[in-house]
Amino acid sequence: QVQLVESGGGLVQAGGSLRLSCAASGIFFSLAVMDWYRQAPGKQREWVAQITGGGNTNYPDSVKGRFTISRDNAKDTVYLQMSSLKVEDTAVYYCHTWRGRDFWGQGTQVTVSS
């Protein structure tokens with residue numbers, strides 16, 4: 001059974017940094033494409049980063065240059081390093097992978113104060 005467990009969210013001032021973690025189980029992690037999404041109140045879920053099994057990364061323009069996704073295959077964990085945070089980055093952040101269907105973690109709240 002695929003499980004994704006996020007951690008690392010919290011309250012940070014604008015301009016600050018946070019690192020989110022997502023521990024995965026039930027998948028052959030080193031081959032898995034992993035994503036981070038976020039959802040702000042009243043808005044649709046938004047994709048923010050992707051890393052392939054080979055370590056290739058992709059980002060939307062809204063976070064490019066500020067967010068960095070990485071993975072540790074020895075720990076079955078994917079990370080999201082967020083820097084230069086803005087108030088508009090406030091959201092619940094979700095880890096995601098696909099194995100015949102979408103799998104999501106429970107989410108971790110990130111709140112950026114002005």
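Contact here means heavy atoms within 4.5 Å. With that cut-off in hand, here is a walk through the model.

This is a predicted model, where local features need pLDDT of at least 70 and side-chain atom pairs count only at pLDDT 80 or more, while totals for chains, interfaces and linings use all residues. Residues are numbered from 1 along each chain as its sequence is written, and side-chain values use heavy atoms, with hydrogens and water left out.

Let's start with V12, which sits in strand β2 (residues 10-13). Strands are DSSP runs of E with at least two residues, helices are runs of H or I with at least four, and both are numbered from the N terminus. Not counting residues up to four places away in sequence, V12 touches S17, L18, L85, T111, V112 and S113. Its relative accessible area is 13%, so V12 is buried (buried is under 20% relative accessible area, exposed is over 50%, and partly exposed is in between, using a 1.4 Å probe and protein chains only). V12 and N56 are 44 residues apart along the chain, and their C-alpha atoms are separated by 28 Å.

A32 belongs to the loop between β3 and β4. With 0% relative accessibility, A32 counts as buried. If residues up to four places away in sequence are skipped, A32 touches I27, I51, T52, G53, R71, T97 and R99. One of these, G53, is 21 residues from A32 in sequence, and the two are 5.3 Å apart from C-alpha to C-alpha.

**The core**

Next, the nonpolar interior. A nonpolar core is a set of buried Ala, Val, Leu, Ile, Met, Phe, Trp, Tyr and Cys residues joined through side-chain atoms within 4.5 Å. The largest one has 30 residues, and M34, W36, I69, V78, L80, M82 and Y93 have the most contacts inside it. Elements giving two or more residues to this core are β3 (18-25), β4 (34-39), β5 (46-51), β7 (67-72), β8 (77-82), β9 (91-98) and β11 (108-113). The largest share, four residues, comes from β3.

For a closer look, take I69. Leaving aside neighbours within four places in sequence, I69 is in contact with M34, W36, A49, Q50, I51, T57, Y59, V78, Y79 and L80.

Two strands pair if DSSP finds at least two bridges between them. An open sheet of four strands runs in the order β1-β3-β8-β7, with antiparallel pairing. β1 (3-7) and β7 stand at the edges with a single partner strand each, so one side of each has no neighbour in the sheet. On average, neighbouring strands of this sheet are turned by 20 degrees against each other, direction ignored (axes are lines fitted to C-alpha atoms, for helices over the stretch in contact, and angles run from 0 to 180 degrees between N-to-C directions). β3 and β8 run antiparallel and are joined by six bridges. S21 stands opposite Y79 in β8.

**The disulfide**

How many disulfides does a search of the whole structure find? There is one, formed by C22 and C95 (the cut-off is a pair of cysteine sulfur atoms within 2.5 Å). Their sulfur atoms are 2.1 Å apart. This pair links distant parts of the chain, with C22 in strand β3 and C95 in strand β9, 73 residues apart. The torsion about the S-S bond is about -80 degrees, so the disulfide is left-handed. C22 is buried at 0% relative accessible area, and C95 is buried at 0% too.

**Salt bridges**

Side chains of opposite charge can pair when their charged atoms come close. A salt bridge is a side-chain nitrogen of Lys or Arg within 4 Å of a carboxyl oxygen of Asp or Glu. The whole structure has four salt bridges, including these:

| Salt bridge | Closest N to O |
|---|---|
| E46 and R38 | 2.8 Å |
| D89 and R38 | 2.8 Å |

D89 lies in the loop between β8 and β9 and R38 in strand β4, so their pair ties together parts 51 residues apart in sequence. Through shared partners, salt bridges join R38, E46, R66 and D89 into one network.

Which of these are buried or exposed? D89 counts as buried at 1% relative accessibility, R38 is buried at 7% relative accessible area, and R66 is buried at 11%. E46 is partly exposed, with a relative accessible area of 30%.
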